[in-house]
Amino acid sequence: MDILQSRPSCKIGPSILNADLSNLHSACTKLLEDGADYLHLDVMDGHFVPNLTFGHPLVKCLRSKVPEAFFDMHMMVADPEKWVEPMHDAGANQYTFHFEATKDAAALARKIREVGMKVGIAIKPGTAVDVVVPYADLVDMILVMTVEPGFGGQKFMADMMQKVKYLREKFPDMDIEVDGGVGPSTIDACAQAGANMIVSGSAVVNAEDPKAVMSLLRKSVLKSLQEYEIR
Ligand code: DX5
Ligand code: ZN
């Protein structure tokens with residue numbers, strides 16, 4: 001591998017799904033103060049996944065309270081085309097749709113870029129990793145789900161790391177995100193496989209010291225990045 005190639009930087013993005021949603025503004029502010037690089041916001045519609053969360057009106061309110069934060073929208077919805085403009089207007093920065101939810105991933109990716117957001121494409125555990133390859137030039141990030149989407153607090157699926165490794169080898173510059181069951185006991189596997197965008201929900205939000213947990217996650221990813229650079 002070319003020694004001059006460098007992997008994209010480490011970013012820690014807590015998921016607020018299991019946070020105190022009645023106090024979302026202060027929960028987000030605290031996470032950002034504690035070292036979060038971005039906020040991972042899980043949108044669920046009760047169709048694509050068997051759970052419901054929130055939509056663009058909430059994102060808009062949150063944006064007015066946290067003007068600087070990077071919002072990574074994880075769109076677990078059946079009709080991802082429908083919410084591109086509303087989410088952009090609400091202040092979203094990145095729009096991550098599920099490959100399984102759309103008939104035309106290329107058109108959707110172009111639409112997201114056109115309105116001015118970064119593009120993420122996500123795959124569920126049962127989806128083969130190579131389906132995303134044709135869209136690599138159209139997306140900024142690939143999200144490899146490490147649990148079935150729908151709920152926080154599930155068990156990390158270690159066999160998804162093969163997908164992360166495959167993508168990292170093929171796309172050294174791509175942002176690769178992992179989401180689901182990621183925390184202190186599973187971060188090394190993610191980091192060694194090559195993930196650089198780390199979503200962690202319950203492991204951060206339920207921790208006594210979220211700052212220490214995010215710092216531990218970051219250290220693991222930085223260590224793997226360093227090893228990669230000197231290889
Ligand atoms: C699950 C969501 C995740 C979830 C992660 O469908 O996409 O972002 O909040 O939570 P943990 O880290 O608890 O698995
Ligand atoms: Zn998510």
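**Terms and their grounds**

Author: Asp42 counts as buried, because its relative accessibility is 4% and buried means under 20% relative accessible area, exposed over 50% and partly exposed in between (1.4 Å probe, protein chains only). The model is predicted: local features need pLDDT of at least 70, side-chain atom pairs count only at pLDDT 80 or more, and totals for chains, interfaces and linings use all residues. Residues are numbered from 1 along each chain as its sequence is written, chains are lettered from A and ligands numbered from 1 in the order in which they are written, and side-chain values use heavy atoms, without hydrogens and water.

Reader: Why does His74 count as buried?

Author: His74 has 0% relative accessibility, so it counts as buried.

Reader: Which residues are the protein donors of the zinc ion (ligand 2)?

Author: They are His40 (NE2), Asp42 (OD), His74 (ND1) and Asp179 (OD), at 2.1 to 2.2 Å; donors are N, O and S atoms within 2.8 Å of the metal (3.2 Å for Na, K and Ca), and water is not among the atoms, so sites may look incomplete.

Reader: What makes the arrangement around the zinc ion (ligand 2) octahedral?

Author: The six donor atoms subtend angles of 73 to 174°, which makes the arrangement octahedral; for six donors the term requires opposite donors over 155 degrees apart and all others between 65 and 115.

Reader: Which parts does the pair Asp42 and His74 tie together?

Author: Asp42 lies in strand β2 (residues 39–44) and His74 in strand β3 (residues 71–76), so the pair ties together parts 32 residues apart in sequence; strands (E, at least two residues) are DSSP runs, numbered from the N terminus.

Note on methods. Tetrahedral: all angles 85-135°; square planar, octahedral: opposite > 155°, others 65-115°. Helix = DSSP H or I, 4+ residues; strand = E, 2+ residues; numbered from the N terminus.
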